Amino acid sequence: MSIPQKVEEITWVPEKRSGRRQSSFATTKPAAIQWGVAIEQQMNCADNDRLLMFLLGLTGNIDVPGGQVLNRTPNIINVGHFGAHGMLPRNSRKTTGR
């Protein structure tokens, strides 16, 4: 089975349609991909994010005018600082065993 056929099997997008989309994105300059909840709240979200960033890098669309912007996390107190787990003694905190 070819890669385009495998993509069609997984995504249900006909090979003819997905090929046009791939060529279109690869040749569009500049380009960016907006993603959020639909990508981020899945079991394989880290792999999805890596793939999207790889695609953007491969096409030369990272940190270029009109392309994907990489922002740094602002110097703020994030939600992780508000949990009660920080008040527990270090040796009583539950770990994942990794």
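In which helix do K6 and E9 both lie, and how many residues apart are K6 and E9? Both are in helix α1 (residues 3–11), three residues apart, about one turn of the helix. The legends below start with the whole chain and then turn to single sites.

**Figure 1. Overview of the predicted chain.** This is a predicted model, in which local features need pLDDT of at least 70, side-chain atom pairs count only at pLDDT 80 or more, and totals for chains, interfaces and linings use all residues. Residues are numbered from 1 along each chain as its sequence is written, and side-chain values use heavy atoms, with hydrogens and water left out. The chain holds four helices and zero strands, in the order α-α-α-α along the sequence. Helices (H or I, at least four residues) and strands (E, at least two) are DSSP runs, numbered from the N terminus. The mean pLDDT (the predictor's confidence in each residue, from 0 to 100) is 79 for the chain, and 86% of the residues score at least 70. Among the elements, helix α2 (residues 15–27) has the lowest mean pLDDT, 73, while α4 has the highest, 88. Of the 98 residues, 12% count as buried; buried means under 20% relative accessible area, exposed over 50%, and partly exposed in between (1.4 Å probe, protein chains only). The accessible surface of the chain is about 8700 Å², with 59% of it belonging to carbon and sulfur atoms. Accessible areas come from the Shrake-Rupley method with a 1.4 Å probe, and for residues only the protein chains shown count as cover. Of the contacts (heavy atoms within 4.5 Å) with a separation of 6 or more, 41% are between residues 24 or more positions apart.

Figure 2. Side chains of opposite charge can pair when their charged atoms come close. In this view the side chains of K6 and E9 meet at 3.6 Å, N to O. K6 is partly exposed, with a relative accessible area of 39%, and E9 is also partly exposed, at 43%.

**Figure 3. Salt bridge R50–D47 in helix α4.** The side chains of R50 and D47 meet in a salt bridge at 2.7 Å, N to O. R50 and D47 are separated by about one helical turn because they are three residues apart in helix α4. R50 is exposed, with a relative accessible area of 56%, whereas D47 counts as partly exposed at 48%.

Figure 4. L51, F54 and L58 form a nonpolar patch on the surface, with about 360 Å² of accessible area together. Patches are made of residues with over 30% relative accessible area and no salt bridge; like charges are joined within 9 Å, nonpolar side chains (Val, Leu, Ile, Met, Phe, Trp, Tyr) within 5 Å. F54 lies in helix α4 (residues 45–58) and is exposed, with a relative accessible area of 54%. N48 is also found in helix α4 but counts as buried, at 19% relative accessibility. Leaving aside neighbours within four places in sequence, N48 is in contact with I39 and Q42.

**Figure 5. Surroundings of Q68.** Q68 is placed in the segment after α4 and is buried, with a relative accessible area of 13%. A polar atom of the Q68 side chain lies 2.8 Å from the backbone nitrogen of I33. Not counting residues up to four places away in sequence, Q68 touches A31, A32, I33, W35, L56, N61, I62 and D63.

Figure 6. Most residues other than glycine have a negative phi, and most peptide bonds are trans. The peptide bond from K29 to P30 is cis, with omega near -15 degrees. P30 is found in the loop between α2 and α3 (37–40). W12 is a residue other than glycine with a positive phi, near 65 degrees; W12 lies in the loop between α1 and α2 and is exposed, with a relative accessible area of 77%. D63, not a glycine, has a positive phi of about 55 degrees. D63 is found in the segment after α4 and counts as exposed at 51% relative accessibility.

Technical notes. A salt bridge is a side-chain nitrogen of Lys or Arg within 4 Å of a carboxyl oxygen of Asp or Glu. A polar contact is a pair of N or O atoms within 3.5 Å; within protein, one must be able to donate a hydrogen and the other to accept it, and residues adjacent in sequence count only if both atoms are side-chain atoms.
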